[in-house]
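Hi,

Here is the structure I promised to pass on. Have a look at it first, and my notes follow below.

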Amino acid sequence: MSFQKKYLPFILGVAIATGIFIGGKLDFRDSSDKLFSTNSKKDKLNRLIDYIDYDYVDDVNTDSIVDVTVNGILGNLDPHSVYIPKEAMERVAEEMKGDFVGIGVSFYPYKDTIAVIRAIEGGPSAKAGIKGGDRILMADGDTLYGDRLNDGEMVKKLKGPINTKVNLKVFRKGEPKLLNFTVKRDNIPIKSVDASYMLTESLGYIKVNRFAESTYKEFKAGLDKLLSLGATEVALDLRNNPGGILSISEQIVDEFLEDDKLILFTKNKRGNIEKSYATGKGDFENGHVYVLIDENSASASEIVAGALQDNDKGTIVGRRSYGKGLVQREMDLGDGSAVRLTVSRYYTPTGRSIQRSYKNGNRDYYDEYFDRLSSGELLDPAKIKVADSLKFTTPKGKVVYGGGGIIPDVFVPIDSSMQNETLTFLQRRGFIGYFIFEELEKDRAMYEGISRQDFIDTFEVGDDVVFAFQDYLNVRTDSRITFVAYHEEVKQYIKATLADQLYGAGAFEEVFNQRDIMLDEVIKLSDGNNED
């Protein structure tokens, strides 16, 4: 055996050991004047945080510094690359997934207790017998009342692993003793389809509020229901829909487009292009679709509207959409937090990007609504600014524009009466809902004999209820609110909220839509199509 062959294993072993020893002595965090320069930018941030952590004169929460740093970095990229802190991830994940594990009640803290607005239809609490108006006082022996409990603590006591049981003690008005319920926790849907019902004998309506993992399944169930009721046309309401998961919007578009029609394509920084095409599985390819959009319809909502418009399918109704043409991917940061980083742009089938400019900064970008309002664009389509350089043409010769949202085929101005800022504020802050709950508490039995459809079609809110609501607000907000200028609009909000608390599952939309001028326009267009 030669010398080399005999001692080769020993030589290799020494070489490997030496490499490990030298590698262990190297400090890969050193600056560029030492060994490597590839990580100098990372080193700079790491060292700054270490200096603050160890040497700064006062104690500082460096976690918060990291959060600020991450937000600062992302804020210099684009308006839609965002940081999601660890404490927000559970809520964000639930919203995207479309469900959570719980007992299935809609509630609000009322006089330091959990007051059930209603038990979610088909959910574990409804199955156990819990009703609207019940007060949940205890869960597995823990008290759920008192001014020291906040909403988060209350929810935490009611949530738990799926299929686990929780024993509840409940106060119900009129019952002499507390009621005991055992509820098995289950997946509770966070509805992304608010309503699905018929507007006319042939025109159906579906309202989608976002695009989550569960949205397509909900949408398909709603569409199937409308088809079974004889719908040959559908109004797909995407107003105030901020978007969500891109692939879900593609699935919804696929229900309307014929096989092999281009839905969209994306392009990343390296120029890689990915195209998405419709398949032959759509159930509404032969029906007419009206897509309702407004200045708050963004992202995935615009994908749906743009794909249909560029393929000359259906009619886009409303006002110019938000203008978000960037695609984000969620990336884990290793400590429970994450970033949603913009990784590509999407383009509609004709090749247009509908992303509006953000060159003047994020604040200017998010304030553009006020520019549209002051310019008169929300009232007059002639005020919409378009650029000839961003003009595109559909297969049938229709001219469409890129550069800042989807411009509708049929313009409908903003309805200042039903989109009154005061009423919108009162609705979002829960004042109307809380008032209705307290009104129901006075006598829930008076509504027991009224069917959902009778309520929607014939029930009228009296003037006395409007005045009572006015007094309710003036006591709780220390102000002098009057509804003289929009008395009937207040009635509509009150009736819709009352319907929601009594019947749930889309009742609010069925009532509220009765005064909707955009839906009135869709019904006129539908009648015109049926005459042809």
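Ala278 sits in the loop between β14 and β15 (288-293). Helices (H or I, at least four residues) and strands (E, at least two) are DSSP runs, numbered from the N terminus. From Ala278 to Leu45 is 46 Å in space, C-alpha to C-alpha, and 233 residues in sequence.

Before the rest, a word on the ground rules. This is a predicted model, where local features need pLDDT of at least 70 and side-chain atom pairs count only at pLDDT 80 or more, while totals for chains, interfaces and linings use all residues. Residues are numbered from 1 along each chain as its sequence is written, and side-chain values use heavy atoms, with hydrogens and water left out.

The overall picture

The chain has 532 residues, and 44% of them are buried. There are 18 helices and 21 strands in the chain, and its C-alpha trace spans about 100 × 70 × 50 Å along the principal axes.

Salt bridges

I'd look at these next. The whole structure holds 26 salt bridges (a side-chain nitrogen of Lys or Arg within 4 Å of a carboxyl oxygen of Asp or Glu). One of them joins Arg135 and Glu441, at 2.7 Å from N to O. That pair links distant parts of the chain, with Arg135 in strand β5 (residues 135-139) and Glu441 in helix α13 (residues 431-442), 306 residues apart. Arg135 is buried at 13% relative accessibility, and Glu441 is buried at 13% as well.

Arg239 and Asp516 form another salt bridge, with 2.8 Å between the closest N and O atoms. Here too distant parts of the chain are linked: Arg239 is in the loop between β12 (233-237) and α8, Asp516 is in the loop between α17 (507-512) and α18 (517-531), and 277 residues separate them. Both ends are buried, Arg239 with a relative accessible area of 11% and Asp516 at 12%.

What about Arg452 and Glu510, how far apart are the closest N and O atoms of their salt bridge? The answer is 3.0 Å. Because Arg452 lies in helix α14 (residues 452-458) and Glu510 in helix α17, the pair ties together parts 58 residues apart in sequence. Arg452 is partly exposed, at 24% relative accessible area, whereas Glu510 is buried at 13%.

There is also a network of salt bridges, which links Arg320, Arg356, Glu368, Arg372 and Glu377.

The second largest pocket

This one has about 1,300 Å³ of space. In case you wonder how it was found: on a 1 Å grid over the protein atoms alone, a pocket is an open set of points where a 1.4 Å probe fits, with protein on both sides within 12 Å along at least five of seven lines, and lining residues have an atom within 4 Å of a point. The volume is the space filled by probe spheres set on the points, which are joined across faces, edges and corners.

Its lining has 42 residues, and Gly244, Ser299, Lys324, Gln328 and Arg340 are the ones nearest the centre. The elements that each give at least two lining residues are α4 (86-97), α8 (246-254), β13 (262-268), β14 (273-277), β17 (326-332) and β18 (338-347). By type, the lining splits into 17 nonpolar, 12 polar and 13 charged residues (Ala, Val, Leu, Ile, Met, Phe, Trp, Tyr, Cys and Pro count as nonpolar, Asp, Glu, Lys and Arg as charged, and the others, Gly among them, as polar).

Helix α9 and what follows

Helix α9 (residues 300-310) is largely enclosed by the rest of the structure, because 11 of its 11 residues are buried. Just after α9, Asp312 takes a positive phi of about 55°. Asp312 lies in the loop between α9 and β16 (315-318) and is buried, at 18% relative accessibility. Asn163 also has a positive phi, near 75°, and is a residue other than glycine. Look for Asn163 in the loop between α6 (151-158) and β7 (165-171).

Cheers

How values were computed
Buried < 20%, exposed > 50% of the residue type's maximum accessible area, 1.4 Å probe, protein only.
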